[in-house]
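Q: I'm new to this structure and would like to learn how to read it. Could you walk me through it, one feature at a time?

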Amino acid sequence: MRIFLKIMARRTEVGARTLVYGGSVGVESHGQYVPDCKIKPTVGPTKGKEGTELQRRVWEELKQKLEAIQPGVTSLS
């Protein structure tokens, strides 16, 4: 387990920095991967027109679930 964590895990500070960067970088990061504080284009099932539709459907489903837990949590106002 220790070897797996050494290879795959990140330190808390690195993970937090990546999350904060991803949340604050702006509109250009929407629908993109943001690993290691670098914007990278999507690949696989999230790529292209079908990928855009998949991302939209996932976001809508997630919003519905979040709103059921805490109404208003997904609105910016």
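Q: Is Glu 13 buried, exposed or partly exposed, and how do I tell?
A: Look at relative accessible area: buried means under 20%, exposed over 50%, and partly exposed in between, using a 1.4 Å probe and protein chains only. Glu 13 has 48% relative accessibility, so Glu 13 counts as partly exposed.

Q: What should I know about the model before going on?
A: This is a predicted model, where local features need pLDDT of at least 70, side-chain atom pairs count only at pLDDT 80 or more, and totals for chains, interfaces and linings use all residues. Residues are numbered from 1 along each chain as its sequence is written, and side-chain values use heavy atoms, leaving out hydrogens and water.

Q: What does pLDDT tell me here?
A: pLDDT is the predictor's confidence in each residue, from 0 to 100. Where pLDDT is low, the predicted coordinates should not be read in detail. In this chain the average is 87, and 99% of the residues score at least 70. Helices here are DSSP runs of H or I, at least four residues long, numbered from the N terminus.

Q: With which residue does Glu 13 form a salt bridge?
A: A salt bridge is a side-chain nitrogen of Lys or Arg within 4 Å of a carboxyl oxygen of Asp or Glu. Glu 13 pairs this way with Arg 11, and their closest N and O atoms are 3.6 Å apart. Arg 11 is exposed, at 59% relative accessible area.

Q: How many salt bridges does the structure hold?
A: Five. One of them joins the side chains of Arg 10 and Asp 36, at 3.1 Å from N to O. Arg 10 sits in the loop between α1 and α2 and Asp 36 in the loop between α2 and α3, so this pair ties together parts that are 26 residues apart in sequence. Another salt bridge links Lys 65 and Glu 61 at 3.5 Å. Both of these lie in helix α3, four residues apart, or about one turn of the helix.

Q: Which residues does Thr 18 touch?
A: Contact means heavy atoms within 4.5 Å. Leaving aside residues up to four places away in sequence, Thr 18 touches Arg 10, Val 34, Asp 36 and Cys 37. So two of its contacts, Arg 10 and Asp 36, are the partners of that 3.1 Å salt bridge. Thr 18 lies in helix α2 (residues 12-24) and, at 13% relative accessibility, counts as buried.
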